[in-house]
Amino acid sequence: MNLLKPNVYQKDVFSINYDNLMKKKINNLFFDIDNTIVSTKENVPSKKIITLFDNLKKDGFNIFIITNALKKRAERFQDILNVKTYYFSLKPLSRNYIKIIKDNGLKIEECAAIGDQIYTDIKGANKLGILSILVDPISKEEFITTKINRIKEKRLFKKTKLLKKGEYYE
């Protein structure tokens, strides 16, 4: 299996077919924060994200945030969205994915990880066999480490035709 190829590729978190995930018995969602649910400049989730998370919880999903962000930023989202948050995860390392699974008694085959970066979010999920969902980044404003990863992603897309930006699939 290619650790860098997402299982699903969608435009944004609002385009994901959550009904299809539930039909596949995937009811645990691990969301990234930066450029997945908010831009890096935003310090709180939008009303649209709050509504999405509320609706997903009503539909039976367990929602977690797994982020490389620091504690203070992550806890702000935890408090507003009322979800468990795992910060400074150092994705693609497996430690916090495993911690979420163990702490909450989850099964890997019932989990999906949603993020905007191939080398952190997708690789981290794929290493453990978690369904990986790539979304386009919300903004071009990014942290320096992310900018470096984006350069690597562009090269990867050109060399391997791993996926074509804008050609979404489930």
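The largest cavity has a volume of about 50 Å³. A cavity is a set of points, on a 1 Å grid over the protein atoms alone, where a 1.4 Å probe fits but cannot get out; points are joined across faces, edges and corners, and a volume is the space filled by probe spheres set on them. The structure is a predicted model, in which local features need pLDDT of at least 70, side-chain atom pairs count only at pLDDT 80 or more, and totals for chains, interfaces and linings use all residues. Residues are numbered from 1 along each chain as its sequence is written, and side-chain values use heavy atoms, with hydrogens and water left out.

The search of the whole structure finds two cavities of 30 Å³ or more. Lining residues, defined by an atom within 4 Å of a point, are Val 8, Gln 10, Ile 16, Asn 17, Asn 20, Leu 21, Lys 24, Ile 133 and Glu 170 for the largest cavity. Strand E1 (8-10) and helix H1 are the elements that give two or more residues to this lining; helices (H or I, at least four residues) and strands (E, at least two) are DSSP runs numbered from the N terminus. The second largest cavity holds about 30 Å³ of space. Its lining consists of Phe 30, Asp 32, Ile 66, Lys 91, Tyr 97, Ala 113, Ile 114, Gly 115 and Asp 121, and E5 gives the most to it, with three residues.

The largest nonpolar core has 27 residues, and those with the most contacts inside it are Tyr 18, Leu 21, Leu 29, Phe 31, Ile 37, Phe 53 and Ile 114. Such a core is a set of buried Ala, Val, Leu, Ile, Met, Phe, Trp, Tyr and Cys residues joined through side-chain atoms within 4.5 Å, where buried means under 20% relative accessible area (1.4 Å probe, protein chains only). Elements that give two or more residues to this core include H1 (18-23), H2 (47-58) and E5 (111-115). The most comes from H2, with four residues. Phe 53 touches (heavy atoms within 4.5 Å) Phe 31, Ile 37, Ile 63, Leu 81 and Val 83, not counting residues up to four places away in sequence. Another core, of twelve residues, lies apart from the largest one and has Phe 30, Phe 64, Tyr 86 and Cys 111 among its members.

In the protein as a whole, there are six helices and six strands. From the N terminus on, the elements run β-α-β-α-β-α-β-α-β-α-β-α. Buried residues make up 48% of the 170 residues.

Technical notes. Buried < 20%, exposed > 50% of the residue type's maximum accessible area, 1.4 Å probe, protein only. 1 Å grid on protein atoms, 1.4 Å probe; cavity = no way out; pocket = protein on both sides within 12 Å on 5 of 7 lines; lining within 4 Å.
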